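Have a look at the fold before reading on.

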Amino acid sequence: MSETVQRDCCSAAADTKKPLATIEQTIERAIGLCATIEGTEVVPVTQAVGRTAAFDVISYLELPLRDHSAVDGYALGGTGTGPFRIVGRTTAGETAAKRLSSGQALRIMTGAPVPPGTEAVVMQEHVTVSGDQVTAGFSVPAGDNIRCRGEDVSSMDTLVRAGARIDPRHVAILAASGYQGLEVRRKLRVALLSTGNELRDPGVGMGPGSIFDTNRPMLQALLAEERIDITDLGIKPDKRDVISDCLAEAARHHDLIITSGGVSVGEEDHIKPAILDAGGHIESWCMAIKPGKPITLGRLDKAVFLGLPGNPLACFVDFLLVGRPLMDSLEGRPTAFPSARNARAGFSWERRPGRREFFPATVVGVSDEGLPVIEKIGRAGSARLMPLIEADGLGAVDSTCGSVEPGSGLQFFPFKSQMKL
Ligand code: AMP
Ligand code: MG
């Protein structure tokens, strides 16, 4: 990509012909501001979901722990169909029975250790029993229905890699391997601030020009993850010194400060000067996206700073595109651009090329090749929230796109369900 990041390209002095930064470039710069947080803690494995493994976890056992039966049936001391003489019975949880001799069989239940001398286990559905004799309906292949020690995990295998985000699959393998606790990165300390004279929390007293703060509750909800401790810094008015003092204090105790509002170049946009007053360092530019063009990144004391736009839809999009990868980087997780699916348009749309554009979209069908067909909802560039409620995800078109026809290829970022597959 030949585009270069333009610092302060939103400023009044900016040459508007200069290219804007792509999202990928912005993420790269954001990651460049992050050092992996130090500090770990040990938590019970069952409470580690959503946390980040601090180190590789090595298995000190083999899984399965011992050879055992995969079915209810008969362990056979030989191959062929038999008949075999039944010499006993064993169930899960017992120690392995004594060695089977050729021609002997043992009634065995799922999970029971197979005794030495077992050639195969035959399912109970595939045998005929007559007195103490069992005959298989077919010649059972050697090893059939035996789960062998170590076939899943060898000792010294890496069960979980450092930086992995723990999910229920990791809990399963750690539990099977006898782990009760896991060393994870300490929680990220994130401070959250809304800026704007017009903003109020419910119950605080609305003036004639007031609106309810939307971004702070929305970001709190987006940040409601096991790995994050949020500090609510509330709402601050558009006063440079007030914002500066608040940020300077927060920067002493947090890994990341997220603000919304005041990142453009209006007369009441004080975020950048406030950071500079507090002794911080700012890298601000505009991203070539819509909505969410103005974004501010920087460092202040120990904290990384992320200044999001005030328009709630822009704030939402920028947080998902840049905020999440930034937090992953702070935690030492691999960072990834949100994963898009290829999709087909179910609509027509004329637009001005120049910026990559995201829009709330619903899935309205499936194309012949099996791709989701999406419909754009809401007006371009709008700050409306209702389309988000109706949407199944965000659709996106490339910056060069000038028109969309039914069937045009585009991208779709589905909102993840609780299951998060
Ligand atoms: P700004 O980025 O401060 O210029 O704000 C852009 C637009 O977003 C303005 O209409 C603001 O009133 C609105 N806005 C800013 N912050 C919030 C917020 N926390 N909740 C809802 N709307 C906001
Ligand atoms: Mg404002």
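## Burial and contacts

Of the 421 residues in the protein chain, 47% count as buried, meaning under 20% relative accessible area with a 1.4 Å probe and protein chains only; exposed is over 50%, and partly exposed sits in between. Take residue pairs in contact (heavy atoms within 4.5 Å) with a separation of 6 or more: 70% of these contacts in the protein chain come from residues 24 or more positions apart.

This is a predicted model, where local features need pLDDT of at least 70 and side-chain atom pairs count only at pLDDT 80 or more, while totals for chains, interfaces and linings use all residues. Residues are numbered from 1 along each chain as its sequence is written, chains are lettered from A and ligands numbered from 1 in the order written, and side-chain values use heavy atoms, without hydrogens and water.

## Overall build

The protein chain has 7 helices and 28 strands, which are DSSP runs numbered from the N terminus (helices H or I, at least four residues; strands E, at least two). Its C-alpha trace spans about 95 × 50 × 50 Å along the principal axes.

Two cis peptide bonds turn up in loops. Gly82 to Pro83 has omega near 10°, with Pro83 between strands E4 (73-76) and E5 (84-90). Lys290 to Pro291 has omega near -10°, and Pro291 lies between strands E19 (289-290) and E20 (294-300).

Met156, not a glycine, has a positive phi of about 80°. Met156 sits in the loop between strands E10 (146-147) and E11 (158-160), and counts as exposed at 60% relative accessibility.
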